[in-house]
Amino acid sequence: MSFFSVSQLSAGYDREHVIEDISFELEGGCLTGILGANGSGKTTLLKAVCGILPHKGNCTLDQVLLEGLPPKKLAALCGYIPQRSGISIDISALEVVLMGYNPELKLLERPNREMRQAAAQALSLAGLQGMEDVNYLHLSEGQKQLCILARTLTASRQLLLLDEPESALDFRFRYRMFEILRGWMNDRRLILTALHDPMLALNYCDRLLILSNGGIQCVLSPASDPPEKMEQELEAIYGRISLHTCHRQDGARQLVMLKEPEGR
Amino acid sequence: MDLPTVPTRVLCAAGMILMILLAAASLFTGQYPLTLEGLLQGDEMQRQVFLTLRISRTLVGMIGGFSLGAAGFVYQTIFRNPLASPDIIGVSSGASAGAAAGILFLSGSAAVTASSFAGALLAVILALALSSLDRSGRSSTIVLAGIAVHSLAQTALMSLKLTADPERELASIEYWIMGSLNGISIYSIGANMILCLICLVILFLLHRQTILLSAEEGEARMLGVRVGRLRLIILLTATLCVSCIVSLSGLISFVGLLAPHGARLLTKRNSCSTLLLSGLLGGILLTGADILARSAADSELPVSIFTSLLGAPFLIFLIIRGRQKL
């Protein structure tokens, strides 16, 4: 059982705080979604936890202070998927995935055969089988995201920080991505992911952090909270909505969100 | 080395063979006619020319071109900019100003080389020190600092030119800036070549890290890269490598820009073999241009004329090709 806590985190750009004094705690095995309107600070929160943005406050994972870790240790513990990867040179999909092994390699060491095999497996798990040698830049935006997902899943990391990983994916691959993430989870691992798609958030996440105005408005547990309460909280982001419970053919309960017309 | 596909290997082998052929041609090209027979029969004059001038000139052509090509690859990858070259952080203008100072205040070609090397190094250290003032560690800051240093060095160069005697000194400054492999003797290249080769080895060893740096800063950091420190080391190594060459030869245009693009067009990759091919293309281009510089006219011509003559059309071709993609 592991434990992740964020306390009194403030961060922003050019001395203007986008998030202010955010604190929360998550237990291991918890897939946590961050929902919020555009500009509510989802990306800022993730970047601050990564240490990419200078910030006040701190984050601890299993009593280890993330801020104090050298980049290699941090990268071995936490994986990060940015909204868009900055890779802009011709490089094969397999080589992109192999970048994920960097924390395990010495400065001059090269990925070994097992790493290559594992990387190829990670690619096919992500639905890109047989595309090892394809130029990363020639992949579609969605395939790029899946490739970066494969890179993040390579080494045995404990915490994943994902910034809208589903945004470029089509309907089928959104669900595939979250099935993969669910499969990756165990009670030592944690995922913190900003999300655009409320249906994925409601049906795959154990907890939902609702961000507004740079702070946490509330924390929801979609599996147990009453729909009326969630409706009320989600309306702060999406305007008038309604939640409905449906059942898949296999009987699993699914929450469906409908947009209601904005009346008075 | 990465992705051991046959075509890339064939390309590298072909590049190497072509470079060796050109090197052989370069050994026997020049004002003083050399023949294999004469050399074997022990003609003293021919041997002297061959050992002290031709070998060194050919070496600088090959290794120099190789370095410019490889360093250009590294720069373009790290700055994620297809137009980046060592000039971007002011190496060339620093070297020019240093050389001008050497021509004015010191004597002998070795002193000019040393002074230009010092100028190049000073420019780079200044640019990197300026960029470290910005704590955010963006690579664009390095480019901006480089531009500032570049104009500073240009100003220094201009002032030096103003004080130069127009008959002799100004002419040699101008000639130095135009770049040439003429008159490089075997006695003056030792230290530069050794340092240059060491830098090249380091660049090849750090190739995987160079590729990691091509990702966004935050992304690279979350892959476990100490972005600031690593970038500094790689840039310093690549720049040192270029300084070694430029201080011997003067400015050589386009090789550092052209060779990496050629290598990437041919391999469609950025693997270690692309870096190798980039170096080989640089060596081929510079050695070939140097042969033309010696044989196209009665007198020796600046080598940059030919590297540019080959380079400019290629660059235009790249631009047109890029347009068609859109």
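Predicted model: local features only at pLDDT ≥ 70, side-chain atom pairs only at ≥ 80, totals over all residues.
## Strand 8 of chain A

Strand 8 of chain A covers residues 190-194 and is mostly covered, with five of its five residues buried. The side chains are divided between two directions: Leu190(A), Leu192(A) and Ala194(A) point one way, while Ile191(A) and Thr193(A) point the other way. Residues on both sides of the strand are buried.

## Pairing partners of strand 8

Two pairings of this strand are described here. Strand 3 of chain A, residues 31-36, pairs with strand 8 of chain A in the parallel sense over four bridges. In strand 8 of chain A, Leu192(A) is the residue that stands opposite Thr32(A).

Strand 7 of chain A, residues 159-163, also runs in the parallel sense with strand 8 of chain A, and this pairing has five bridges. Here Leu159(A) stands opposite Leu190(A).

## Overall form of chain B

Chain B has 14 helices and zero strands. Its radius of gyration is 20 Å, close to the 20 Å that the globule rule gives for 326 residues, so chain B is as compact as a globular protein of that length. The C-alpha trace of chain B spans about 65 × 55 × 35 Å along its principal axes.

Of the 326 residues in chain B, 54% are buried. Among contacts in chain B with a separation of 6 or more, 75% are between residues 24 or more positions apart. Chain B exposes about 14300 Å², and carbon and sulfur atoms supply 70% of that area.

## Val149 in chain B

Val149(B) lies in helix 6 of chain B, which comprises residues 139-163. This valine counts as buried because its relative accessibility is 2%, and the cut-off for a buried residue is under 20%.

Not counting residues up to four places away in sequence, Val149(B) touches Ala123(B), Leu126(B), Ala127(B) and Leu130(B). For one of these, Leu130(B), the separation from Val149(B) is 19 residues in sequence and 9.0 Å in space, taken from C-alpha to C-alpha.

Methods. Residues numbered from 1 in each chain as written. Chains lettered and ligands numbered in written order. Heavy atoms only, no water. Buried < 20%, exposed > 50% of the residue type's maximum accessible area, 1.4 Å probe, protein only. Pairing = 2+ DSSP bridges. Contact = heavy atoms within 4.5 Å. Rg over C-alpha atoms; globule rule 2.2 N^0.38 Å. Areas by Shrake-Rupley, 256 points an atom, 1.4 Å probe, with all protein chains shown as cover.
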